[in-house]
Amino acid sequence: VILYQFKYMKFYLIFILIPFFTFAQKSDPFSIDLRPRIIDNAKIIVNIEITNHLNRPIDYLEGFLSEYSSKGVFLNEKRVVLLYSYEPALQTGFSTIKTAKFDLGKEEPSNFKFNISKVKFFGESRVFAWHKKAGFIRID
């Protein structure tokens, strides 16, 4: 009788715990999508698209686009402001896109990485930096 009851308890326990584990996973507050394009075999245009997954509108968003060689050697970095304070705030679920231009090198095309350096939320004066592992860090 006890084994029979344990079989059903295990069945119910699985259906109770699976939703907890599913919803407990922490999602990233931003989706960052980089799309490099080679133009006229002379330059690379990189489209940076960031989607806001936070439940707060973003008033200012800035970061650095880093260029690496195909071997992983750092080549160049550009500061990119994706959202200025005078523009409409970036609401939850919406995206913003900016473009940066790099010269095409003689070797294989470069790899790119975007790091968010400043985030300011709508209606606040505090400025934060964001890191994938550390989260939000107040810087001002």
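## Largest pocket

A pocket is an open set of points on a 1 Å grid, where a 1.4 Å probe fits, with protein on both sides within 12 Å along at least five of seven lines; its lining residues have an atom within 4 Å of a point. In this predicted model, the largest pocket has a volume of about 280 Å³.

The lining of the largest pocket consists of Asp28, Phe30, Ile32, Leu34, Lys113, Phe114, Asn115, Ile116, Trp130, His131 and Lys132. By class, six of these residues are nonpolar, two are polar and three are charged. Strands β1 (30-39), β6 and β7 each contribute at least two lining residues, and β6 provides the largest share, with four.

Strands of a sheet pair through backbone hydrogen bonds, in either a parallel or an antiparallel sense. Here, five strands form an open sheet in the order β4-β3-β6-β7-β8, and the pairing is antiparallel. At its edges lie β4 (74-83) and β8 (135-138), each of which pairs on one side only. From one strand to the next, the twist averages 25°.

## Pairing of strand β6

Strand β6, which spans residues 111-121, pairs with strand β7 (residues 127-131) in the antiparallel sense over two bridges. Lysine 120 has valine 127 of β7 as its bridge partner, while valine 119 stands opposite phenylalanine 128 in β7. The two strands β6 and β7 form a hairpin with five residues between them. Within the turn, glycine 123 has a positive phi of about 85°.

Strand β6 also pairs with strand β3 (residues 58-68), in the antiparallel sense and over ten bridges. In this pairing, serine 66 has lysine 113 of β6 as its bridge partner. Lysine 113 is also among the residues lining the largest pocket.

Lysine 98 lies in strand β5, which covers residues 95-103.

Leaving aside residues up to four places away in sequence, lysine 98 touches Val46, Asn47, Ile48, Val80, Val81, Leu82 and Glu87. Between lysine 98 and glutamate 49, the C-alpha to C-alpha distance is 6.8 Å, although the two residues are 49 residues apart in sequence.

Conventions: Residues are numbered from 1 along each chain as its sequence is written. This is a predicted model: local features need pLDDT of at least 70, side-chain atom pairs count only at pLDDT 80 or more; totals for chains, interfaces and linings use all residues. Side-chain values use heavy atoms; hydrogens and water are left out. Contact means heavy atoms within 4.5 Å. Two strands pair if DSSP finds at least two bridges between them. Axes are lines fitted to C-alpha atoms, for helices over the stretch in contact, and angles run from 0 to 180 degrees between N-to-C directions. Grid points are joined across faces, edges and corners, and a volume is the space filled by probe spheres set on the points. Ala, Val, Leu, Ile, Met, Phe, Trp, Tyr, Cys and Pro count as nonpolar, Asp, Glu, Lys and Arg as charged, and the others, Gly among them, as polar.
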